[in-house]
Amino acid sequence: MANQTLGLDRQFYSYYQSICLREPPILAQLRQETASQPLAVMQIAPEQGQFMAFLVQVIGAKKTLEIGVFTGYSALVVALALPPQGQLIACDLSEEYTSIARRYWQRAGVADKIDLRIAPALETLDQLIAGGESNSFDFVFIDADKSNYDPYY
């Protein structure tokens, strides 16, 4: 399977998941498919996704941004947690990996909430700023190339 939270021993991690994790079947299916990909280690852990969904809901986020999509697990987590009118702008470079994401977004019925932008994220961010969208996002998840974290922020 995909990543797990660092530092937890395998036995405890399995126990933790069995009692705490509330992962919808569509997310579990996407996580399983992602585990077969060469870069599967880029996948967030399911409990991290559950925590992100909690944050999105508790702050009442309506407009969100994700930098780095991969196969779309975290974007799907956020989109499922958003209210019906919620929106996620998702930035990535890969048509190959995001094609997996698009399939699952469709199956989950949230594709209309997700605006996928295939371009370098810094270009997309510059376009958003130029369009007057600075400081308009309720929640942002940065999970792309680590060397650009400062410019993304």
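**Salt bridges and their surroundings**

Modeller: R103 is partly exposed, with a relative accessible area of 39%; in this scheme buried means under 20% relative accessible area, exposed means over 50% and partly exposed lies in between (1.4 Å probe, protein chains only). The model is predicted, so local features need pLDDT of at least 70 and side-chain atom pairs count only at pLDDT 80 or more, while totals for chains, interfaces and linings use all residues. Residues are numbered from 1 along each chain as its sequence is written, and side-chain values use heavy atoms, with hydrogens and water left out.

The partner of R103 is E33, in a salt bridge with 2.5 Å from N to O; the term requires a side-chain nitrogen of Lys or Arg within 4 Å of a carboxyl oxygen of Asp or Glu. Because E33 belongs to helix α2 and R103 to helix α5, the pair ties together parts that are 70 residues apart in sequence. Helices (H or I, at least four residues) and strands (E, at least two) are DSSP runs, numbered from the N terminus. E33 is also partly exposed, at 21%.

The whole structure holds 5 salt bridges. Another of them joins E23 and R31, whose closest N and O atoms are 2.5 Å apart, and both E23 and R31 are buried. In a further one, K63 pairs with E133 at 2.6 Å between the closest N and O atoms. K63 lies in strand β1 and E133 in the loop between α6 and β4, so this pair too ties together parts that are 70 residues apart in sequence. K63 is buried, with a relative accessible area of 17%, whereas E133 is partly exposed at 22%. The loop of α6 and β4 also holds N135, which has a positive phi of about 55 degrees although it is not a glycine. Most residues other than glycine have a negative phi. N135 is exposed, at 84% relative accessibility.

The largest nonpolar core has 30 residues, and M52, V56, L76, W105, I114 and F139 touch the most other members. Such a core is a set of buried Ala, Val, Leu, Ile, Met, Phe, Trp, Tyr and Cys residues joined through side-chain atoms within 4.5 Å. Helices α2 and α5 are among the elements that each supply at least two residues to this core, but α4 gives the most, with 7 residues. Beyond its neighbours within four places in sequence, W105 is in contact (heavy atoms within 4.5 Å) with residues including V69, L76, I114 and L116. A second, separate core of 10 residues includes L65, I89, C91 and L125.
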